[in-house]
Amino acid sequence: MEDKNAELILKAPVHRAVITNIIPSIISMVMMMIYNLADTFFIGQTHDPLMVAAVSLTMPMFMLNVGFGNLFGVGGTSLISRTLGSGDNQKAKHISAFCFWSSVGLGVIFAVIVLCFVHPICRILGASDDTIGYTAQYLGILAIGYPFQITSSCFSNVFRADGKPRTAMTGTISSESIGMPRFDGCSFRPFSPYSVTACSRE
């Protein structure tokens, strides 16, 4: 941990430390909300209710991934913060590495499970005979990015525990700002609008 970050966590007044950490976190969450709405907006331009329904049906899986990321992110940051507070920086690095590899490993396992059982999972999510084709296609594309999504969610919290909320915010905003114009803004006509927009979420 850098001296400036350590000073913020260990010596700064409580209100200053809270405000410094909470504002970037709020901005990141708002950006994530806007980004999640982008798929619905652009797919809605096709005026196909089945495609829009597919996006809504896969939302629980998206939130489940965020939860998996928070499993290591929130739990890991609690331990990292206490470890840094005690001055054991080396142990904090080991915990950070464990959070990273656990997130990657869980993401790969979850992606494989979803890809292997995509149609049964779609049924559990509530897909009908009309929507299961789009939902399975959409969920399959999302599954490829699960390791990245879970790791990203985890390390947003880890960076905050290390006293770097702005780094976490910058990473979130940069990736999502690049994704929206490059993918969501693509012309739908040469490709399947469903596939193009689905890719944007990762």
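1. The salt-bridge count comes to one. The structure is a predicted model, and this pair is taken up in the next point.

2. The salt bridge joins the side chains of Arg123 and Asp129, with an N to O distance of 2.6 Å. Asp129 counts as exposed because its relative accessibility is 62%, over the 50% cut-off. Arg123, at a relative accessible area of 42%, is partly exposed.

3. Helix 4 covers residues 89–116, which is 28 residues. From first C-alpha to last, helix 4 reaches 41 Å, close to the 40 Å expected at 1.5 Å a residue.

4. Which residues of helix 4 are buried? They are Ala92, Ile95, Ser96, Cys99, Ser102, Ser103, Gly107, Phe110, Ala111 and Val114.

5. Two packed helices are described by the angle between their axes and the distance between the axes. For helix 3 (residues 49–85) and helix 4, the angle is about 170° and the axes lie 9 Å apart. Helix 3 is therefore roughly antiparallel to helix 4, as angles over 145 degrees are counted that way.

6. On the helix 3 side, the contact includes Met61, Leu64, Asn65, Phe68, Phe72 and Gly76, and also Leu79, Ile80, Thr83 and Leu84. They meet residues of helix 4, among them Asn89, Lys91, Phe98, Leu106 and Phe110. The residues of this contact divide into 14 nonpolar, seven polar and one charged.

Conventions. Residues are numbered from 1 along each chain as its sequence is written. This is a predicted model: local features need pLDDT of at least 70, side-chain atom pairs count only at pLDDT 80 or more; totals for chains, interfaces and linings use all residues. Side-chain values use heavy atoms; hydrogens and water are left out. Helices (H or I, at least four residues) and strands (E, at least two) are DSSP runs, numbered from the N terminus. The expected span of a helix is 1.5 Å times one less than its number of residues. Buried means under 20% relative accessible area, exposed over 50%, partly exposed in between (1.4 Å probe, protein chains only). A salt bridge is a side-chain nitrogen of Lys or Arg within 4 Å of a carboxyl oxygen of Asp or Glu. Axes are lines fitted to C-alpha atoms, for helices over the stretch in contact, and angles run from 0 to 180 degrees between N-to-C directions. Angles under 35 degrees count as roughly parallel, over 145 as roughly antiparallel, 65 to 115 as roughly perpendicular and the rest as oblique. Contact means heavy atoms within 4.5 Å. Ala, Val, Leu, Ile, Met, Phe, Trp, Tyr, Cys and Pro count as nonpolar, Asp, Glu, Lys and Arg as charged, and the others, Gly among them, as polar.
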